[in-house]
Amino acid sequence: MEFSSKLIEQAVNEMAQLPGIGKRTALRLVLHMLKQPAEQVKFLSEALLKMREEIKFCKSCHNISDEEVCDICSNPRRNQSLICVVEDIRDVMAIENTRQFNGIYHVLGGKIAPIEGIGPSQLNINSLVEKVKLGRVDELIFALSSTMEGDTTVFYIYKQLKGVAVKISTIARGIAVGDELEYADEITLGRSILQRVPYENSLKSS
(Lines give C-alpha, C1' and ligand atoms only; values in the text may rest on other atoms or scores of the structure.)
Protein backbone atom coordinates (compact mmCIF):
# COMPACT_ATOMS: atom_id res chain seq x y z
CA MET A 1 0.00 0.00 0.00
CA GLU A 2 1.51 3.30 -1.15
CA PHE A 3 1.06 6.49 0.87
CA SER A 4 1.55 10.07 -0.22
CA SER A 5 2.14 11.09 3.38
CA LYS A 6 4.51 9.58 5.93
CA LEU A 7 2.24 10.87 8.70
CA ILE A 8 -0.75 8.99 7.26
CA GLU A 9 1.39 5.88 6.79
CA GLN A 10 2.56 5.96 10.40
CA ALA A 11 -1.00 6.44 11.70
CA VAL A 12 -2.26 3.55 9.53
CA ASN A 13 0.53 1.25 10.69
CA GLU A 14 -0.28 1.97 14.34
CA MET A 15 -4.03 1.53 13.82
CA ALA A 16 -3.48 -1.76 11.97
CA GLN A 17 -1.91 -3.25 15.10
CA LEU A 18 -5.35 -3.38 16.73
CA PRO A 19 -7.01 -6.83 16.66
CA GLY A 20 -9.30 -7.37 13.68
CA ILE A 21 -8.07 -4.22 11.93
CA GLY A 22 -6.33 -4.70 8.59
CA LYS A 23 -4.47 -2.04 6.62
CA ARG A 24 -7.50 -1.08 4.50
CA THR A 25 -9.77 -0.69 7.53
CA ALA A 26 -7.02 1.23 9.33
CA LEU A 27 -6.75 3.59 6.34
CA ARG A 28 -10.53 4.21 6.35
CA LEU A 29 -10.42 5.02 10.07
CA VAL A 30 -7.44 7.34 9.71
CA LEU A 31 -9.01 9.19 6.77
CA HIS A 32 -12.26 9.48 8.73
CA MET A 33 -10.42 11.07 11.66
CA LEU A 34 -8.65 13.39 9.24
CA LYS A 35 -12.07 14.78 8.25
CA GLN A 36 -13.08 15.38 11.87
CA PRO A 37 -12.41 18.61 13.78
CA ALA A 38 -8.95 18.57 15.36
CA GLU A 39 -10.54 19.02 18.79
CA GLN A 40 -12.57 15.79 18.43
CA VAL A 41 -9.48 13.79 17.50
CA LYS A 42 -7.71 15.36 20.46
CA PHE A 43 -10.51 14.23 22.81
CA LEU A 44 -10.16 10.68 21.47
CA SER A 45 -6.40 10.58 21.90
CA GLU A 46 -6.61 12.09 25.39
CA ALA A 47 -9.30 9.60 26.44
CA LEU A 48 -7.19 6.67 25.25
CA LEU A 49 -4.06 7.99 26.96
CA LYS A 50 -5.92 8.71 30.21
CA MET A 51 -7.45 5.21 30.15
CA ARG A 52 -4.05 3.58 29.62
CA GLU A 53 -2.31 5.56 32.33
CA GLU A 54 -5.01 5.60 35.02
CA ILE A 55 -6.90 2.30 34.66
CA LYS A 56 -6.60 -0.01 37.65
CA PHE A 57 -7.20 -3.68 38.28
CA CYS A 58 -9.39 -4.52 41.25
CA LYS A 59 -7.18 -5.83 44.05
CA SER A 60 -9.89 -8.31 44.97
CA CYS A 61 -11.11 -9.82 41.69
CA HIS A 62 -8.64 -8.43 39.07
CA ASN A 63 -11.43 -6.86 37.01
CA ILE A 64 -10.72 -3.48 35.41
CA SER A 65 -11.68 -0.58 37.63
CA ASP A 66 -11.34 3.14 38.20
CA GLU A 67 -10.71 2.49 41.89
CA GLU A 68 -8.64 0.05 43.96
CA VAL A 69 -11.76 -2.12 44.42
CA CYS A 70 -14.23 -2.38 41.53
CA ASP A 71 -17.90 -1.40 41.74
CA ILE A 72 -19.01 -5.03 41.73
CA CYS A 73 -16.84 -6.13 44.66
CA SER A 74 -17.69 -3.02 46.69
CA ASN A 75 -21.44 -3.34 46.10
CA PRO A 76 -23.07 -4.43 49.41
CA ARG A 77 -26.02 -5.89 47.49
CA ARG A 78 -23.81 -8.48 45.76
CA ASN A 79 -23.42 -11.95 47.28
CA GLN A 80 -19.78 -11.94 48.40
CA SER A 81 -19.81 -15.69 49.10
CA LEU A 82 -20.65 -16.59 45.49
CA ILE A 83 -17.75 -16.25 43.05
CA CYS A 84 -17.91 -16.68 39.28
CA VAL A 85 -14.50 -17.56 37.86
CA VAL A 86 -13.88 -16.24 34.33
CA GLU A 87 -10.98 -15.95 31.91
CA ASP A 88 -10.97 -12.21 31.26
CA ILE A 89 -12.82 -8.95 31.67
CA ARG A 90 -14.90 -9.46 28.51
CA ASP A 91 -16.54 -12.45 30.20
CA VAL A 92 -17.48 -10.30 33.19
CA MET A 93 -19.20 -7.88 30.82
CA ALA A 94 -20.98 -10.70 29.01
CA ILE A 95 -22.33 -12.22 32.24
CA GLU A 96 -23.31 -8.84 33.69
CA ASN A 97 -25.38 -8.17 30.56
CA THR A 98 -27.51 -11.24 31.35
CA ARG A 99 -28.58 -9.70 34.71
CA GLN A 100 -28.83 -13.27 36.04
CA PHE A 101 -25.86 -13.27 38.41
CA ASN A 102 -25.71 -11.46 41.74
CA GLY A 103 -22.39 -12.69 43.10
CA ILE A 104 -18.88 -11.37 42.49
CA TYR A 105 -16.16 -12.43 40.06
CA HIS A 106 -12.59 -13.60 39.89
CA VAL A 107 -10.75 -12.83 36.65
CA LEU A 108 -7.98 -15.33 35.90
CA GLY A 109 -6.44 -13.27 33.13
CA GLY A 110 -6.44 -16.17 30.67
CA LYS A 111 -6.29 -19.95 30.72
CA ILE A 112 -3.56 -22.54 31.01
CA ALA A 113 -2.08 -23.08 27.55
CA PRO A 114 1.33 -24.82 27.60
CA ILE A 115 1.73 -24.53 23.82
CA GLU A 116 1.52 -20.75 24.18
CA GLY A 117 3.80 -20.80 27.21
CA ILE A 118 1.04 -19.89 29.67
CA GLY A 119 1.24 -21.79 32.96
CA PRO A 120 -0.67 -21.52 36.25
CA SER A 121 1.85 -19.09 37.73
CA GLN A 122 1.06 -16.55 35.02
CA LEU A 123 -2.65 -16.49 35.91
CA ASN A 124 -4.53 -15.14 38.94
CA ILE A 125 -4.97 -18.62 40.40
CA ASN A 126 -3.07 -18.36 43.69
CA SER A 127 -5.12 -15.37 44.84
CA LEU A 128 -8.32 -17.31 44.10
CA VAL A 129 -7.17 -20.37 46.05
CA GLU A 130 -6.12 -18.20 48.99
CA LYS A 131 -9.46 -16.37 48.92
CA VAL A 132 -11.41 -19.65 49.05
CA LYS A 133 -9.23 -21.07 51.83
CA LEU A 134 -10.18 -18.14 54.06
CA GLY A 135 -13.55 -19.86 54.39
CA ARG A 136 -15.81 -17.01 53.33
CA VAL A 137 -16.74 -18.48 49.95
CA ASP A 138 -19.74 -20.83 49.70
CA GLU A 139 -19.64 -21.57 45.98
CA LEU A 140 -17.33 -21.20 43.00
CA ILE A 141 -18.94 -21.16 39.56
CA PHE A 142 -16.50 -21.90 36.75
CA ALA A 143 -17.57 -19.99 33.65
CA LEU A 144 -14.66 -20.65 31.34
CA SER A 145 -14.93 -21.42 27.64
CA SER A 146 -15.52 -25.08 26.85
CA THR A 147 -12.17 -25.63 25.16
CA MET A 148 -9.34 -27.99 26.09
CA GLU A 149 -7.45 -25.09 27.66
CA GLY A 150 -10.53 -23.96 29.59
CA ASP A 151 -11.21 -27.47 30.90
CA THR A 152 -7.54 -27.91 31.85
CA THR A 153 -7.62 -24.66 33.82
CA VAL A 154 -10.79 -25.63 35.69
CA PHE A 155 -9.40 -29.07 36.54
CA TYR A 156 -6.12 -27.57 37.80
CA ILE A 157 -7.95 -25.18 40.15
CA TYR A 158 -10.27 -27.99 41.26
CA LYS A 159 -7.25 -30.06 42.28
CA GLN A 160 -5.76 -27.10 44.17
CA LEU A 161 -8.96 -26.86 46.21
CA LYS A 162 -9.18 -30.55 47.03
CA GLY A 163 -10.22 -30.93 50.66
CA VAL A 164 -11.48 -27.34 50.97
CA ALA A 165 -15.11 -27.02 52.06
CA VAL A 166 -16.52 -25.12 49.09
CA LYS A 167 -19.19 -26.00 46.54
CA ILE A 168 -17.74 -26.10 43.02
CA SER A 169 -20.00 -25.90 40.00
CA THR A 170 -19.71 -25.18 36.30
CA ILE A 171 -22.09 -23.49 33.90
CA ALA A 172 -24.47 -25.81 32.06
CA ARG A 173 -23.34 -26.79 28.58
CA GLY A 174 -25.78 -24.50 26.83
CA ILE A 175 -22.56 -23.06 25.47
CA ALA A 176 -21.32 -25.20 22.60
CA VAL A 177 -18.02 -27.02 23.08
CA GLY A 178 -15.19 -24.88 21.74
CA ASP A 179 -17.17 -21.62 22.01
CA GLU A 180 -15.80 -18.55 23.74
CA LEU A 181 -18.05 -17.21 26.49
CA GLU A 182 -18.11 -13.62 25.24
CA TYR A 183 -19.80 -14.64 21.96
CA ALA A 184 -22.72 -16.48 23.58
CA ASP A 185 -26.08 -14.77 23.40
CA GLU A 186 -27.35 -13.33 26.68
CA ILE A 187 -30.31 -15.71 27.06
CA THR A 188 -28.18 -18.83 26.56
CA LEU A 189 -25.46 -17.54 28.85
CA GLY A 190 -27.96 -16.53 31.53
CA ARG A 191 -29.60 -19.96 31.47
CA SER A 192 -26.21 -21.66 31.62
CA ILE A 193 -25.45 -19.84 34.87
CA LEU A 194 -28.85 -20.48 36.44
CA GLN A 195 -28.76 -24.17 35.44
CA ARG A 196 -25.19 -24.72 36.60
CA VAL A 197 -24.21 -28.22 37.70
CA PRO A 198 -21.76 -29.60 40.29
CA TYR A 199 -18.28 -29.81 38.75
CA GLU A 200 -17.94 -33.46 39.82
CA ASN A 201 -20.83 -34.32 37.48
CA SER A 202 -18.92 -32.98 34.49
CA LEU A 203 -15.95 -35.15 35.44
CA LYS A 204 -18.11 -38.27 35.48
CA SER A 205 -19.59 -37.53 32.06
CA SER A 206 -16.24 -36.81 30.41
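This is a predicted model: local features need pLDDT of at least 70, side-chain atom pairs count only at pLDDT 80 or more; totals for chains, interfaces and linings use all residues.

Trainee: Okay, salt bridges to start. How many does the structure hold?
Mentor: There are 6 salt bridges, each being a side-chain nitrogen of Lys or Arg within 4 Å of a carboxyl oxygen of Asp or Glu.

Trainee: Which residue does Glu-9 pair with?
Mentor: Its partner is Lys-6, at 3.7 Å from N to O. Helices here are DSSP runs (H or I, at least four residues), as are strands (E, at least two), and both are numbered from the N terminus.

Trainee: And is Lys-6 buried or exposed?
Mentor: Lys-6 counts as exposed at 67% relative accessibility, while Glu-9 is partly exposed at 25%. The cut-offs are under 20% relative accessible area for buried, over 50% for exposed and partly exposed in between, with a 1.4 Å probe and protein chains only.

Trainee: What does Lys-50 form with Glu-54?
Mentor: A salt bridge, with the closest N and O atoms 3.1 Å apart. Lys-50 and Glu-54 are 4 residues apart in helix α3, so again the separation is about one helical turn. Lys-50 is partly exposed at 47%, and Glu-54 is partly exposed at 43%.

Trainee: How about Arg-90, which side chain does it meet?
Mentor: Asp-88, in a salt bridge of 2.8 Å from N to O. Arg-90 is partly exposed at 44%, but Asp-88 counts as buried at 19%.

Trainee: Back to α3. What does it contribute to the nonpolar patch?
Mentor: Helix α3 (residues 38-54) gives the largest share, 3 residues. The surface patch is made of Leu-44, Leu-48, Met-51, Ile-55 and Phe-57, with about 460 Å² of accessible area together. Met-51 is found in α3 and is partly exposed, with a relative accessible area of 44%.

Trainee: What's the rule for calling something a patch?
Mentor: Members need over 30% relative accessible area and no salt bridge; like charges are joined within 9 Å, and nonpolar side chains (Val, Leu, Ile, Met, Phe, Trp, Tyr) within 5 Å. The areas come from the Shrake-Rupley method with a 1.4 Å probe, and for residues only the protein chains shown count as cover.

Trainee: Switching to cysteines. How many disulfides does the structure hold?
Mentor: It holds 0 disulfides, taking a disulfide as a pair of cysteine sulfur atoms within 2.5 Å.

Trainee: Where is Ser-145?
Mentor: In the loop between β5 (139-142) and α6 (148-160). Ser-145 is buried at 2% relative accessibility. Its side chain joins that of Glu-87 in a polar contact of 2.6 Å; the term means a pair of N or O atoms within 3.5 Å where, within protein, one must be able to donate a hydrogen and the other to accept it, and residues adjacent in sequence count only if both atoms are side-chain atoms.

Trainee: Which residues of α5 are buried?
Mentor: In helix α5 (residues 126-133) they are Leu-128, Val-129, Lys-131 and Val-132. Seen down the axis of α5, they fall within an arc of 160°, so they line one face of the helix. That arc is taken from the directions from the helix axis to the C-beta atoms. The face of α5 turned away from the buried side carries the exposed residues Asn-126, Glu-130 and Lys-133.

Trainee: Last one, backbone. What's the phi of Arg-99?
Mentor: About 55°, a positive value although Arg-99 is not a glycine. Arg-99 lies in the loop between α4 (89-98) and β4 (103-107) and is exposed at 75%.

How values were computed. Residues are numbered from 1 along each chain as its sequence is written. Side-chain values use heavy atoms; hydrogens and water are left out.
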